[in-house]
Amino acid sequence: MKIQRRKPSIIASSFIKYKDKFLLAYSPIFKVWRVPGGRVEFGEKLKETLSREIKEELKINITEPIFLGYGEDNQYNYNLKHDTSRLVMYFLVNTKKPISLDKNEFSKYKWLTWSELKKHKNKEDSLRDFFSKNPNINL
């Protein structure tokens, strides 16, 4: 019998700040609210991944992302019908441009204050983990 081994994914995600509010988007794939980002591809650096994913998901170019910390979780992928184990690296990105969300990635979104984002109920577990590891970050 062959044992199937899956590996954890490394994710680069970003708190997108626009006019003192932060973007939170609903992912129908995982059925939770999350911040934009995606999986690091082989040979990519974290900031390269972040730039690529934000361009794909929000149609904006980013510069100067600031690393804030990390969160960990296990999520169920409803499209692929399996669990995922993730290490999510979080960055801060400021933008002065409006965004245009990829409807294949997100079904809805909202802009929240930092305090509202921390208190939001149905957010991905890696965000909860990030906030528990970094209770004093206040953006």
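**A first look at the fold and at D129**

Starting from the N terminus, the elements of the protein chain follow the order β-β-β-β-α-β-β-β-α-α, where helices (H or I, at least four residues) and strands (E, at least two) are DSSP runs numbered from the N terminus. The radius of gyration, taken over C-alpha atoms, is 15 Å, close to the 14 Å that the globule rule gives for 139 residues, so the chain is as compact as a globular protein of that length; the rule itself is 2.2 Å times the number of residues to the power 0.38.

Before I go on, please keep in mind that this is a predicted model, in which local features need pLDDT of at least 70 and side-chain atom pairs count only at pLDDT 80 or more, while totals for chains, interfaces and linings use all residues. Residues are numbered from 1 along each chain as its sequence is written, and side-chain values use heavy atoms, with hydrogens and water left out.

Along the principal axes, the C-alpha atoms fill a box of roughly 55 × 30 × 25 Å, and of the 139 residues 47% count as buried, meaning under 20% relative accessible area with a 1.4 Å probe, protein chains only.

Which residues does D129 contact, leaving aside its neighbours within four places in sequence? They are G71 and E72, where contact means heavy atoms within 4.5 Å, and the side chain of D129 reaches the backbone nitrogen of E72 at 2.8 Å.

Methods
Buried means under 20% relative accessible area, exposed over 50%, partly exposed in between (1.4 Å probe, protein chains only). A polar contact is a pair of N or O atoms within 3.5 Å; within protein, one must be able to donate a hydrogen and the other to accept it, and residues adjacent in sequence count only if both atoms are side-chain atoms.
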